[in-house]
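Me: I am new to reading protein models. Can you walk me through one, feature by feature?

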Amino acid sequence: MEIETKLLVGSDGINSSIKRLAGISHYGWQYRQKAIVCTMKVDGISQNTTAYQIYHDGNVLALLPLWDNYLSLVWSVGLPDF
């Protein structure tokens, strides 16, 4: 089968059939981190456009502005080397 197109979007994950069938190579690396992410609605703040990050021993806690009174909280934790 042959497909001709100007744009092909393959959003089927890390083991993409589209990527494999098209012969598209990839490369990457591990960041050795895991993260917990949540979206919060915070009363008492107006449109916030400032991001805050706290760094401690390879870990990061971030409060990132979204829209209206919403923030994204991201807690990234470095993993130990085994």
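The dialogue below goes from the whole chain to single residues.

Reply: Start with the ground rules. This is a predicted model, where local features need pLDDT of at least 70, side-chain atom pairs count only at pLDDT 80 or more, and totals for chains, interfaces and linings use all residues. Residues are numbered from 1 along each chain as its sequence is written, and side-chain values use heavy atoms, with hydrogens and water left out.

Me: How many helices and strands does the chain have?

Reply: Helices (H or I, at least four residues) and strands (E, at least two) are DSSP runs, numbered from the N terminus. Here there is one helix, along with four strands. Along the sequence, the order reads α-β-β-β-β.

Me: Is the chain spread out or compact?

Reply: Compare the radius of gyration, taken over C-alpha atoms, with the globule rule: 2.2 Å times the number of residues to the power 0.38. The chain has a radius of gyration of 19 Å, while the rule gives 12 Å for 82 residues, so the chain is more spread out than a compact globule. Its C-alpha atoms fill a box of roughly 60 × 40 × 15 Å along the principal axes.

Me: What share of the residues is buried?

Reply: Buried means under 20% relative accessible area, exposed means over 50%, and partly exposed lies in between (1.4 Å probe, protein chains only). Of the 82 residues, 10% are buried.

Me: Where is Ser72, and is it buried or exposed?

Reply: Ser72 sits in strand β4, which covers residues 70–78. Ser72 counts as buried because its relative accessible area is 11%.

Me: Which residues does Ser72 touch?

Reply: A contact means heavy atoms within 4.5 Å. Leaving out residues up to four places away in sequence, Ser72 touches Val37, Cys38, Thr39, Ala62, Leu63, Leu64 and Leu66.

Me: Why does Lys19 count as buried?

Reply: Lys19 has 19% relative accessibility, so it counts as buried. Lys19 lies in helix α1, residues 17–22. With residues up to four places away in sequence left out, Lys19 touches Ile14, Ile24 and His26.

Me: What about Trp75: where is it in the chain?

Reply: Trp75 belongs to strand β4. Trp75 is partly exposed because its relative accessibility is 43%.

Me: What share of the contacts joins residues at least 24 apart?

Reply: Take the contacts between residues at least 6 apart in sequence. Of these, 47% join residues at least 24 apart.
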